[in-house]
Amino acid sequence: MSVSPRGPEHIGDPDRWGDTWGSGRYVAGGRCKSTARLEGKVVIITGANTGIGKETARDLARRGARVIVACRDTAKAEAAASEIRAETGNQQVIVKKLDLADTKSIREFAEQFLAEEKELHILINNAGVMLCPYSKTADGFETHLGVNHLGHFLLTFLLLERLKQSAPARIVNVSSLAHHVGRIRFHDLHGEKSYNRGLAYCHSKLANVLFTRELARRLQGTKVTANVLHPGSVHSDLVRHSLLMMWLWKLFSFFLKTPWEGAQTSIYCAVAEELNSVTGQYFSDCRPAYVSPRGRDDEAAKKLWSVSCELLGIQWD
Ligand SMILES: NC(=O)C1=CN([C@@H]2O[C@H](COP(=O)(O)OP(=O)(O)OC[C@H]3O[C@@H](n4cnc5c(N)ncnc54)[C@H](OP(=O)(O)O)[C@@H]3O)[C@@H](O)[C@H]2O)C=CC1
Ligand SMILES: CC1=C(/C=C/C(C)=C/C=C/C(C)=C/C=O)C(C)(C)CCC1
C-alpha cells in the first residue's frame with residue numbers, strides 16, 4: 001500500500017515506513033526508529049506551537065512524556081497543545097509562557113518551572129527566528145543572536161541543576177546547516193557596524209554549535225549530554241520575515257521536508273538509546289554530520305561562552 005507521508009493522520013506513526021530513510025522522497029531524510037517510551041519523563045520544548053517544535057512535542061507526548069510547551073504566544077501554544085492532547089490522549093501537555101527575546105520572561109519561566117516541576121529529563125532548545133529586519137531584543141541584543149543563542153544559553157543555565165539532579169538527562173540544541181556560513185563577529189556581535197539578516201541567522205546558528213561543544217565539554221561526567229543538529233530544509237513558518245523565501249518555500253515545498261520529517265533528528269537526539277552516552281555531537285538525518293571548521297574552534301567556543309555570560313550578567317563556571 002502506498003501512503004502519502006503528508007497529512008496529520010500519519011504523523012508520528014513509528015510503523016508507517018519500513019526503513020530509516022523515510023517516505024521514499026529523497027528529501028524526507030532520516031527517521032527516528034527508536035520505540036523508547038517516556039512515561040515519568042519531563043521534557044521542555046521551546047517554540048513548540050508550530051513547525052518542527054510542534055511535531056517534536058507531538059511525538060514525545062505520544063511516547064508518554066510530560067511535555068512543557070514553552071512559547072511566547074500562549075494562545076497559539078494552547079491551540080497546539082490541545083490538538084496534541086486530543087490526538088495522543090496524553091493530558092500532560094502543558095503550556096508555559098517563554099519569550100526568548102526578553103531575559104525577564106526567561107527568568108520568570110525558569111522560576112515557575114523550578115517551583116512546579118521536580119525533574120527535567122530533556123530540554124529541547126528549538127525556537128528560532130530567521131531573516132529578521134534589524135531589531136534588538138528587550139535587553140538590547142541583536143534579535144537572531146538574542147533569541148537563537150543568548151535566550152537558550154540563559155534558559156539552559158537556569159535549568160541545568162535540575163537536569164543534573166534528574167540525570168540521565170539530555171540537552172538538544174536545534175542549529176542548522178547554515179552554521180557553515182556563520183562566524184562569530186566578536187567585534188560587532190549586535191550588528192551595529194554592519195548587518196545582513198541572512199548572515200545574522202547563520203552567525204546565531206554557529207553560536208548554537210559552539211555553545212553545544214563547550215557545554216558538552218563542561219558536562220563530562222555528569223550524565224547530562226548536549227547534542228546539536230540540523231533538521232533539514234523544512235516547510236515551516238521560519239521564512240515568515242521574507243516574502244521571497246515564503247514564495248520559494250511554497251513553490252518548492254515538494255523539495256522541502258514536512259515539519260514531521262524535520263522533527264525526526266530532534267526526536268532521535270532526545271530519545272535514541274544508542275545516544276545514551278553520546279555528547280557534543282552534531283547530527284543531521286538521524287546520524288552524525290560534518291561540522292564546519294569554525295564550529296570546531298574550541299577557542300571561539302570558550303570566548304563565546306565568556307562573552308555570553310558577560311552579556312547576560314551571569315557567572316557560569
Ligand atoms: N525550517 C527550516 O528549514 C530549518 C529550521 N531550522 C531551525 O529549526 C528550529 C525550528 O524552526 P521551524 O520550526 O522551522 O520554524 P517556525 O518558525 O515554524 O517555528 C519557530 C518557533 O520559534 C518560536 N519563537 C520565535 N521567536 C521566539 C521567542 N522570542 N521566544 C519564544 N519562541 C520564539 C516561534 O513562535 P511564534 O510562532 O510565536 O513565532 C515558533 O514556535 C529553529 O531553531 C530553526 O533555526 C534549522 C534549519 C532549517
Ligand atoms: C536551492 C533552492 C532551494 C533550497 C533552499 C535551501 C536548501 C534552503 C536551506 C535553508 C536553511 C538551511 C534554513 C534554515 O536554517 C529551494 C528554495 C528549495 C528551491 C529553490 C532552489
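Reply: The shell around ligand 2 has 6 nonpolar, 2 polar and no charged residues. The model is predicted, so local features need pLDDT of at least 70 and side-chain atom pairs count only at pLDDT 80 or more, while totals for chains, interfaces and linings use all residues. Residues are numbered from 1 along each chain as its sequence is written, and chains are lettered from A and ligands numbered from 1 in the order in which they are written.

Me: What makes a residue one of those around ligand 2?
Reply: The criterion is a C-beta atom, placed from the backbone, within 6 Å of the molecule. Those residues include Ser176, Ser233, Phe252 and Leu256.

Me: Why is leucine 131 called partly exposed?
Reply: A residue is buried if 20 or more other C-beta atoms, placed from the backbone, lie within 10 Å of its own, exposed if 12 or fewer, and partly exposed in between. Leucine 131 has 17 C-beta neighbours inside 10 Å and therefore counts as partly exposed. Its phi is near 60°, a positive value in a residue other than glycine.

Me: What is the peptide bond from alanine 167 to proline 168, cis or trans?
Reply: That bond is cis, with omega near 5°.

Methods. Ala, Val, Leu, Ile, Met, Phe, Trp, Tyr, Cys and Pro count as nonpolar, Asp, Glu, Lys and Arg as charged, and the others, Gly among them, as polar.
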